[in-house]
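Me: Could you walk me through a structure and show me how to read its features? I would like the general idea each time, and then the case at hand.

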Amino acid sequence: MSRAVSDLLSILDLEKIEENIFRGRSPQVGWQRVFGGLVIAQALVASARTVEGRAPHSLHAYFLLPGDPSAPIVYEVDRLRDGKSFATRRCNAIQHGRAIFSLSASFQIEEQGFEHAVPMPAVPEPEALPSEADMLERFGALMPEPIRRWFAQERPIEARPVDLARYVRHAAGAPEQMVWLRATGRLPDDPAIHRAVLAYLSDMTLLDTALIAHGRTVFDTDIQIASLDHALWFHRPFRADEWLLYAQDSPNTGGARGFTRGLIYAHDGRLVASVVQEGLIRGAHPQR
């Protein structure tokens, strides 16, 4: 297991400090704010630890304030309902006495029913695409410095974009992209861990899709970009340490916001999750 994955698993293993109250932390890697996917994953873990016999099938979340990576995050869970089939939880993430994030999650017992799913797009296999190390060696000199640094640092999630040109040049195009993602090391077999890791990676590259139509990226320093809300639905079992295809598009930008969608497929073509997110996209100086 890579050190980055080991650190992620440690960070997702929240400390229980009271009934329905948990404490999490952020990796100390010099980030100016807490990564949104980490707060989503930790809030899901906190909520799930108050539910027995049911797995999460959906979550809806709002990012309220930027998180402080130097301070712990306290997660307070409200047990809204425990029914025969479903359970509902609300989880607020607290820092410095203020809520920075709020999540609602629904859990369901395992049931059988009708099934259909949109088929996975035809794309190159991840093994046919260059690794991050290969991308740096082949295209690093052409990449803007922030993108080169992002690919060079050790991370718990490996990304293999289908469209490599996206990372070496700024050119407006259709607002859609496809990226293969997986944890960089073997994960424990517990499905709850794989759901938490998928929640973590579901915030990666998604908002960037809205900027493709404008020839921009999330690495541009003259625009302000932040996740505003995030919704995730789990459809079928999966492993987050095996390749997952994240097929993304952006139907709309406007009002200083970008709207994005994503379908996540297992390597064998099964649709395992769906994601929707809206984010702030505007000049760097106005206040949120």
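Reply: Happy to. Let's begin with how elements are named: helices (at least four residues) and strands (at least two) are DSSP runs, numbered from the N terminus. Asp-220, for example, is placed in the loop between helix H6 (208-211) and strand E9 (223-234). Do keep in mind that this is a predicted model.

Me: Is Asp-220 buried or exposed, and with which side chain does the side chain of Asp-220 make a polar contact?

Reply: The cut-off for buried is under 20% relative accessible area. Asp-220 has 13%, so it counts as buried. Its side chain makes a polar contact of 2.7 Å with the side chain of Arg-216.

Me: Let's turn to a helix. Which residues of helix H1 are buried, and where do they sit around the axis?

Reply: In H1 (residues 3-12) the buried residues are Ala-4, Val-5, Leu-8, Leu-9, Ile-11 and Leu-12. Their arc around the axis is only 160°, so they lie on the same side of H1. What they pack against is H2, strand E8 (176-183) and H5.

Me: At what angle do H1 and H5 pack, and which residues make the contact?

Reply: The angle is about 105°, and the axes are 11 Å apart. Angles from 65 to 115 degrees count as roughly perpendicular, which is why H1 is described as roughly perpendicular to H5. On the H1 side the contact is made by Leu-8, Leu-9 and Leu-12, and on the H5 side by Ile-193, Ala-196, Val-197 and Tyr-200.

Me: Now the rings. How many aromatic pairs does a search of the whole structure find?

Reply: Three aromatic pairs turn up in that search. To classify a pair, look at the angle between the planes: over 60 degrees is edge-to-face, under 30 is stacked. Phe-35 and Tyr-200 have ring centres 5.0 Å apart and planes at 75°, so this pair is edge-to-face. Phe-35 lies in the loop between strand E2 (21-24) and helix H2 (36-48), while Tyr-200 belongs to helix H5 (residues 191-201), so the pair ties together parts 165 residues apart in sequence. Both Phe-35 and Tyr-200 are buried.

Me: And what is the geometry of the pair formed by Phe-234 and Phe-238?

Reply: That one is stacked, with 5° between the planes and 6.4 Å from centre to centre. Phe-234 and Phe-238 are both buried as well.

Me: How should I read a strand residue? Where does Ile-73 lie, and what does Ile-73 touch?

Reply: Take the location, then the burial, then the neighbours. Ile-73 lies in strand E4 (residues 73-82) and is buried, with a relative accessible area of 0%. Leaving out residues up to four places away in sequence, its contacts include Phe-22, Val-34, Val-39, Ala-93 and Ile-94. Arg-23, Gln-42 and Gln-95 are also among them.

Me: Last, the backbone. Which value of phi does Asn-20 have, and what about His-96?

Reply: Here you look for a positive phi in a residue other than glycine. Asn-20 has one, near 70°, and is found in the loop between strand E1 (15-18) and E2. His-96 also has a positive phi, of about 50°, and sits in the loop between strand E5 (86-95) and strand E6 (98-108). With a relative accessibility of 61%, His-96 counts as exposed.

Key: Residues numbered from 1 in each chain as written. Predicted model: local features only at pLDDT ≥ 70, side-chain atom pairs only at ≥ 80, totals over all residues. Heavy atoms only, no water. Phe/Tyr/Trp six-rings, centres within 6.5 Å; stacked < 30°, edge-to-face > 60°. Buried < 20%, exposed > 50% of the residue type's maximum accessible area, 1.4 Å probe, protein only. Polar contact = N/O pair within 3.5 Å; in protein donor to acceptor, adjacent residues only side chain to side chain. Arc of directions from axis to C-beta. Contact = heavy atoms within 4.5 Å. Axes fitted to C-alpha atoms, helices over the stretch in contact; angles between N-to-C directions. Parallel < 35°, antiparallel > 145°, perpendicular 65-115°, else oblique.
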